[in-house]
Amino acid sequence: MTTPTTGTPYGTLPSASPLPQRKPVSLPRLAEMRARGEKITMLTSYDATFAAVADAAGVECILVGDSLGMVCQGLSSTSGVTLETMVYHTESVVRGLLRVQGTAWVVGDLPFGSYHESKEQAMRSAAQLLHAGAHMVKLEGGGWTAETVRFLVERGIPVCAHLGLTPQTVHSLGGYRVQGREDASARVLRQQAKELEDAGAAMLVLEMVPAGLSTEITESLKTCHTIGIGAGNGTAGQVLVMHDMLGINLGKNPKFVRNFMEGQTSVRDAMAAYVKAVKDGSFPDNEKHAW
Ligand code: KIV
């Protein structure tokens with residue numbers, strides 16, 4: 001039986017029913033993918049329609065990233081995004097997925113200031129994202145965050161950590177620049193990644209880290225799956241900001257991004273091309289997209 005589809009300006013979406021049953025993406029399924037060497041795909045989405053299109057294109061994980069501050073709200077950095085805004089966008093994404101019986105794993109970003117005061121504050125903020133429908137929360141930084149990750153994981157909340165370029169603290173990092181180039185900073189990143197895995201983080205975004213270092217960190221972690229962005233092709237999966245990979249961001253695309261709209265006629269096809277390129281290892285190309 002063929003699946004009925006509905007045309008939209010964004011491509012073709014599966015209609016509400018009947019759909020073939022697909023298994024929801026879960027942590028065990030992501031672990032199985034990693035074990036058999038299949039790359040995990042993640043893309044940001046901030047609303048119902050794009051989340052449904054990404055899901056239909058085969059993206060396994062949708063990140064409701066605080067990058068929405070820049071791409072949706074027009075802010076100059078992510079540090080102005082509030083928890084209330086993250087809850088609103090997470091609810092929108094989850095409603096979109098429910099509408100099309102989507103199966104994607106939803107990661108909600110804890111915004112700046114929502115987990116920094118105490119573990120209890122982090123718990124309250126994470127609970128709001130889970131109430132909004134997220135399956136996992138993401139927080140940035142290493143060192144002090146390991147204790148917070150452990151606290152959340154012990155209370156049943158899956159956590160994705162984020163090291164390397166951490167946009168919420170871009171001002172103290174001195175700009176959007178590659179992290180872990182020098183021996184000392186690479187050592188710190190290796191150590192922090194290990195601490196976060198020991199604390200129970202199930203995923204770790206590595207952003208703007210040299211390809212060799214991110215590969216090394218990936219191989220050293222057993223239960224925590226690395227998701228790279230500007231970190232070369234040696235990670236367990238890849239993530240991109242949707243507006244970047246569609247070539248519609250307001251600035252210049254960073255070196256590590258490929259415009260997947262090129263040669264495609266719909267957003268869904270562009271997203272499917274991203275999924276295919278990550279899975280077959282042709283994106284990212286370390287010659288072109290890594291440091
Ligand atoms: O907020 C976001 O979109 C992110 C990605 C850049 C990983 O954190």
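How many bridges join strand β9 to strand β10? There are 2 bridges between β9 (residues 225-229) and β10 (residues 237-240), and these two strands run parallel. The model is a predicted one, in which local features need pLDDT of at least 70 and side-chain atom pairs count only at pLDDT 80 or more, while totals for chains, interfaces and linings use all residues. Residues are numbered from 1 along each chain as its sequence is written, and side-chain values use heavy atoms, with hydrogens and water left out.

**The barrel**

- The barrel is closed by 8 strands in the order β3-β4-β5-β6-β7-β8-β9-β10, with parallel pairing; strands (E, at least two residues) and helices (H or I, at least four) are DSSP runs numbered from the N terminus, and two strands pair if DSSP finds at least two bridges between them.
- Neighbouring strands of this sheet are turned against each other by 25° on average, direction ignored.
- Within this pairing, Gly228 stands opposite Gln238 in β10.

**Helices on the sheet**

- Helix α1 (residues 27-35) packs on the sheet and touches several strands, including β3 (40-44), β4 (61-64) and β5 (105-109), where contact means heavy atoms within 4.5 Å.
- The direction of α1 makes about 75° with that of β9; axes are lines fitted to C-alpha atoms, for helices over the stretch in contact, and angles run from 0 to 180 degrees between N-to-C directions.
- Helix α8 (residues 183-199) lies across β7 (159-164) and β8, and runs at about 175° to β7.

**The α2 and α4 pair**

- The axes of helix α2 (residues 48-56) and helix α4 (residues 83-99) come within 7 Å and cross at roughly 50°, which makes α2 oblique to α4 (angles under 35 degrees count as roughly parallel, over 145 as roughly antiparallel, 65 to 115 as roughly perpendicular and the rest as oblique).
- Ala48, Ala51, Ala52 and Asp55 of α2 make the contact with Ser92, Val93, Gly96 and Leu97 of α4.

**Two individual residues**

- Asp198, found in helix α8, counts as partly exposed because its relative accessibility is 46%; buried means under 20% relative accessible area, exposed over 50%, and partly exposed in between (1.4 Å probe, protein chains only).
- Asp198 and Leu221 are 23 residues apart in sequence, and their C-alpha atoms are 9.4 Å apart in space.
- Ser67 has its place in the loop between β4 and α3 (68-71) and is buried, with a relative accessible area of 14%.
- Not counting residues up to four places away in sequence, Ser67 touches Thr44, Tyr46, Thr78 and Val241.
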